[in-house]
Structure formats: C-alpha cells, structure tokens
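Subject: Structure handover

Hello,

Here is the structure for you to take over. My notes on it come after the model.

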Amino acid sequence: MNHSLSIKHNNSAPAAQESVLEIWGRASLKGHVKISGAKNSALAIMAGSLLCPEDCRLRNVPALVDIGMMGEILSALGVKLERIGDTLEIDARHLNNSIAPYELVSKLRASFFALGPLLARMGEARIPLPGGCAIGARPVDLHVRGLQAMGAEVHIEHGMVHAYVKGTLSKRLKGAKIYLDYPSVGATETLMMAATLAEGETIIENAAQEPEVTDLAGFCRAMGAQIRGDGTNTIVINGVPSLHSVDYPIIPDRIEAGTFLVAGAITHSEIILSPVVPDHLIPVIAKLKDIGCQVIAEDAHSLRIVPGNLLATDIETLPYPGFPTDMQAPFMALLTLAQGNSAIAETVFENRLGHVPELNRMGADIRIKGNMALVRGVPILSGAPVMATDLRASAALVLAGLAADGKTTIQGLHHLDRGYENLEAKLQQLGAKLQRVPIDAESEVESTSEVTTELSEVSH
Ligand code: EPZ
C-alpha cells in the first residue's frame, strides 16, 4: 500500500551528491514549459494535514527532495502517505506521536511548520529547533510567542521545542490577538493552523500575505476551518472542534515560473509557461518590464515572455506583495548582463548573497556592500566551474550558465533538487544544451571554494 515517498531524481540521472550539471551556453530556447505545484505551499499544507482526523488528498504535489523529507517526517509521526503521480493521499487519523525526529527535522526547516498543527491536534508537540541555514539565522521566536499568546507553555531545551497546553480539561489552545513584529510566512502559517482548532477567535495582525499563506488557508477552509482575511495583513480564525477530509489542488509554483521567465529573458528567447497565476507574479513581471522585456498573459493561466535589450534596474526584496527574496538571485544573474548598473538590496534574509562570488567567477562584476549588491552590467559571461550555496543561488547559476559563452559546471546540485522538479529535463525540452553527469566523469572539475559547502547543507 505505502509507496515509498523518498523522491528519486529521474532514475537515469546520477544522484545529486555525486553529480554535476554541465551547461553549454548561448543556446536559444523556445516552446512551452509546464510549471509544477508550489513547493512552499505543498510543504505547509502537508504539515496542515496533521490537523485532520480523516484522510486528505493533495493534487499537483511537486516531486522534490523537500516534499519527500516532509513525507518521512509525517510518517514518523504515525501518518500514512501514498503517492500516485502528482497526487498525495495523506491519512493522519492514527497520529500517535507528537515528537518529530531530529535526524529528519534537522534536514528540513519547513518541518517546523508541524509544531502548530501537532499542538492544536494533540495538545502537545516536541519539535527540534531548526538551526540556521546558508541564508540566515532563521529564528522562530515569532512562532513561539504567538503560540504562548494562545495559552501554550513552550520550553526550548537541548535544542528541542517542547510545547503543550497548560492545565485545563480540554487540551485546546485559546483564541488570541497576535501582532507579528515581522510578517513572517512561517509564523503566520504556524499560528493560522494552530488557531483552526483553538477555542474562540484568533486575530493575526501584520500577517504575511504570500499566495502560499492563502493556499494554506484555502486548504484549511476546505477541511471546515473558519478563516478569513488571508491575503491581507489581518487574518481572523474562529476555532472549530474538528476538521474533515478534503481533496485539494496545490497552486502553481510562482518562483519556478519566475525562474523560467528569467530563463527566457537571459537567453533572449520567447517561451510560454503554464499553469501560472499571473497575479502571483506582479512584482516579478513589473521588474522584467523595467528591464525591457514584455510579459504577455496568453490567457488566465499562461504567460509568454518576449525578450528585449536588458536594461539595468534596482531591486529591493520585501514581503509579498513586494519583490520576492526567492527571485533575488535569478534576477541578479539576469542583471549581470544588463546595460548599466543595478543595485540589489536583500532585506528579508541577512545572508542571501552567496551566489555573488560564483557569478563573479563567470565574469560578472558584482560588489557587495552590507546587504546590497552593486551589479555593473558586462557584455558577456564566460562558462566556469561554480558551486551552488543554496536553492535559489543554484537556479541563478543555471540561468547564468544558459547565457554564458562556453561550458559551465555546477556543483552542489542537492540544493537544486530541493526546489526545482526536473529542471534540466524541462530546459532540455526548450532547447537548452545541458546534462547531469556523475562527478567521477568530471573528476578534473576544479573544486571551487570549499568553505561554501559547510554552511549550505540545511534545506530552507
Ligand atoms: C518562507 O520561509 C519560504 N520557505 C522561503 O522560501 C521564503 O524565502 C520566505 O518564506 C520568505 O518569503 C517556505 O515556505 C518553506 P519567514 P520562512 O518566516 O517562513 C525572520 C525558498 O527558497 N523571522 O517569512 O522561514 C527570518 O529570520 C525558501 O523556497 C524571525 O525573525 O520565512 C527572516 O529574516 C527560502 N522570527 C524573515 O523573518 C521568526 O520567528 C522572513 O522569514 C520567523 C522569521
């Protein structure tokens, strides 16, 4: 019954750890590319299934390493999972454990999203504290403070977050008014899920407005939760005693879609992508237009990128509906080839410029000043051996490799496989010249700066 969930890359390709991606640049792309379900929505919704004492069917679930890991964490909590194509059957009725295993959680930050639903459903939860990662310290103080406001006792000892509902006959959390110091996506999702089964009303102010938060709210509503205001900065949840089974489609991945729009722009190619929700990409489309490209909504679910001369522009990453931090690295790759100087300010994460030295290895001219990258456009990039330091940095190196003269060899593909489903197969289908090869076939690969590896092992 239980098809294993661990996600294998397409069986023929060597596993990420011992393979590199070779890209021969300057090939123009054309045609249509299918956009997969949203990683950051699927991860939160899989955690949300812990709220439900009946079975949940999720559709359009991307085949990604992170999804496989979240599945293993749910299994360790007693949840039954079965994957058939891009559909995931989840049965959390026999949830029998409220302790998530360190060896799994330490590999996947998003597993911390299980804290809220477990606490709401079981009255208690023990989740290892997710450490920092390549892009920042990633504290969880807003999650913890919100749960405490809902009446939970939360102790952090020996790297473990132990949360439980104090005293009271009913092990239910209590509704509360919570103001978030920062519109954190994760904290909003944790508290919104916890509040679905709490007694009374919860109001989350300065809430995150990301489409993935709205998708999670849609999933919870489909299970019978009472939530309104998602997609605005104030979310109101009226707790219900329990939830019921659901059949729910995950939204398309706006970051994967944004990455392919940049692939069209950086290779001066016209490509069509679908399914997408154009409204989710407003800040991305606006910047592509500033850069000189056209982005046309072919219909309600597809976009066409028409390339133009690349003009410099300034970017500041912000919470949604501002410019997404997850698109910062791909756009930096694009702006390395723009006419003029661009200033890129990363304001969401304190250490998300790890791709700069690698792009400079390819002939880019980027200087870092605090959280700002000053990008002087150059006429051409040249292929080189480079190292991916995190998920979106790996996408930026693939994009730069598509535009560069000669061969680029990318190491650290385990980052890519966490967040992009079959990226190279999709690019090959559009006409890109790239292949994944085992390292020993590439042994002469000049190893780039080792230091970058240690930091970058934890997934986002
Ligand atoms: C989600 O991370 C996404 N991950 C990230 O995508 C994305 O970059 C981020 O939102 C912002 O859009 C998933 O959904 C799995 P945050 P999350 O809480 O929830 C600080 C990718 O590439 N903060 O909004 O962890 C935090 O340190 C990944 O797919 C606190 O200070 O992001 C950061 O500086 C990377 N205290 C800022 O808020 C807290 O308790 C934004 O973090 C929580 C967060």
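Below is what was found, by topic. Please keep in mind that this is a predicted model.

Annotated residues

The UniProt record, an unreviewed entry, carries a "binding site" annotation that covers Lys 39 and Asn 40. Both Lys 39 and Asn 40 are included in the lining of the largest pocket.

Lys 39 belongs to helix α1, which spans residues 39-48. Its relative accessible area is 3%, so Lys 39 counts as buried, the limit being under 20%. Beyond its neighbours within four places in sequence, Lys 39 has contacts with Pro 62, Leu 64, Asp 66, Ile 67, Asp 253, Leu 391, Arg 392, Arg 418 and Gly 419.

Asn 40 is in helix α1 as well. With a relative accessible area of 27%, Asn 40 is partly exposed. Again leaving out neighbours within four places in sequence, the residues in contact with Asn 40 are Glu 189, Glu 212, Asp 326 and Arg 392.

Aromatic pairs

The search of the whole structure gave two aromatic pairs. In one of them, Phe 219 and Tyr 248 have ring centres 5.7 Å apart and planes at 75°, so the pair is edge-to-face; the cut-off for that class is over 60 degrees. This pair links distant parts of the chain, 29 residues apart: Phe 219 sits in helix α7 (residues 211-222) and Tyr 248 in strand β13 (residues 246-249). Phe 219 and Tyr 248 are both buried.

Phe 323 and Phe 331 also form an edge-to-face pair, with 5.0 Å from centre to centre and 85° between the planes. Phe 323 is buried, as is Phe 331.

His 162

His 162 is placed in strand β8, residues 160-165. At a relative accessible area of 15%, His 162 is buried. Its side chain makes a polar contact of 2.6 Å with the side chain of Glu 124. Apart from residues up to four places away in sequence, His 162 touches Glu 124, Ala 125, Arg 126, Glu 153, Val 154 and His 155.

Regards

Technical notes
Residues numbered from 1 in each chain as written. Predicted model: local features only at pLDDT ≥ 70, side-chain atom pairs only at ≥ 80, totals over all residues. Heavy atoms only, no water. Phe/Tyr/Trp six-rings, centres within 6.5 Å; stacked < 30°, edge-to-face > 60°. Helix = DSSP H or I, 4+ residues; strand = E, 2+ residues; numbered from the N terminus. Buried < 20%, exposed > 50% of the residue type's maximum accessible area, 1.4 Å probe, protein only. Polar contact = N/O pair within 3.5 Å; in protein donor to acceptor, adjacent residues only side chain to side chain. Contact = heavy atoms within 4.5 Å. UniProt positions renumbered as here; feature names shortened; annotations may be inferred. 1 Å grid on protein atoms, 1.4 Å probe; cavity = no way out; pocket = protein on both sides within 12 Å on 5 of 7 lines; lining within 4 Å.
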